[in-house]
Amino acid sequence: MEIIVMGCGTSQGVPLVAHDNPGIDLKDGRNWRSRTSIHVVIEGHHVQVDAAPEFRMQCLKNDIQAVDTFILTHGHADHVLGMDDLRQFCTNKGGEPIPVFTTPIGMERVRAIYPYAIGRPASSGYVALALNLMPRRLVLPGGGILSSTILPHGHESTLGLVFEEPSTGAKFTYYTDCKSVPPEAVELGKNADLAILDGLRPNYHPTHMSIDEACAVSVELGAKRSLITHMTYQIDYAIYTEKLRSTFPKVGLCYDGLRITLE
Ligand SMILES: [Zn+2]
Ligand SMILES: [Zn+2]
């Protein structure tokens, strides 16, 4: 299984616009964060999780050549607003709609923003989306297994995702945009080879986990390695990587363009 971190920034991205972004070294490219999304290749099947406003540039930078299935974790702008740029992936598949799996609110949001793309075949160069509610367990073409669970995220719930690849035995837990990880989600996602977890900033936030909360969840999950995502400008890559090395040695930070192969 291959995981490509296309973006790991909070909803405004990093650095902030019109702000002096104190405490972060902007000469370090790992501190330039586009909005959060990942691409997963599992049993040869390409799963895109969320489409940030920068989705087009993320695809070009990371050489994404296909999207076979699209998962929208929830309907917030930083995850949904790049979906129109799925169009070339439709064209490359002869106009076939891309299967989209999401929450009930995610479905409402997609229908409201992209009414022209729902329930009709794509005409050349346009996007077509086949909207579905995400089931608890989805067997993907090729045999990869994608399980989901619901994570609390303020007014909206987020899909927590667990990928399992039978041919390699690899397991990957992806819990972005959540205030906590309930016991059922711990059970589903535990003992993974890799967990990527929401860890917004050092201090408390009402709808996202802080760095400390993410580290506590990483211990509960028992993943071989955990990485933090959806980070604000308050987290400098080098400083926090060093801090975590002594306190939570199995936890690190994502950066845009990071690629991880699990086998
Ligand atoms: Zn977000
Ligand atoms: Zn969100």
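I started at phenylalanine 101 and looked up its bridge partner in E6: asparagine 132. I note that the model is predicted.

I then took the strands around that bridge. Strand E5 covers residues 98-102 and pairs with E6 in the parallel sense. I find 5 bridges between E5 and E6.

Next, the helix. H4, residues 104-113, packs on the sheet and touches E5 and E6. I get about 155 degrees between the direction of H4 and that of E6.

I traced the whole sheet. It is open, has 7 strands and runs E6-E5-E4-E3-E2-E1-E14. The pairing is mixed. Strand E6 (129-133) and strand E14 (259-261) each have a single partner strand, so I log both as edges with one side lacking a neighbour in the sheet. Neighbouring strands here are turned by 20 degrees against each other on average, direction ignored.

I read the order as E7-E8-E9-E10-E11-E12-E13. This one is also open, with 7 strands and mixed pairing. Which strands stand at the edges? I find strand E7 (137-139) and strand E13 (251-253) there. Each has a single partner strand, so one side of each is left without a neighbour in the sheet. The twist averages 20 degrees from one strand to the next.

I checked one pair within it. Strand E8 (residues 145-153) and strand E9 (residues 156-165) pair in the antiparallel sense, over 9 bridges. Serine 148 has leucine 161 in E9 as its bridge partner.

Last, helix H6, residues 211-221. I see H6 lying across E10 (170-175), E11 (194-198), E12 (226-229) and E13. H6 runs at about 150 degrees to E11.

Methods: Residues numbered from 1 in each chain as written. Chains lettered and ligands numbered in written order. Predicted model: local features only at pLDDT ≥ 70, side-chain atom pairs only at ≥ 80, totals over all residues. Pairing = 2+ DSSP bridges. Helix = DSSP H or I, 4+ residues; strand = E, 2+ residues; numbered from the N terminus. Axes fitted to C-alpha atoms, helices over the stretch in contact; angles between N-to-C directions. Contact = placed C-beta atoms within 7 Å.
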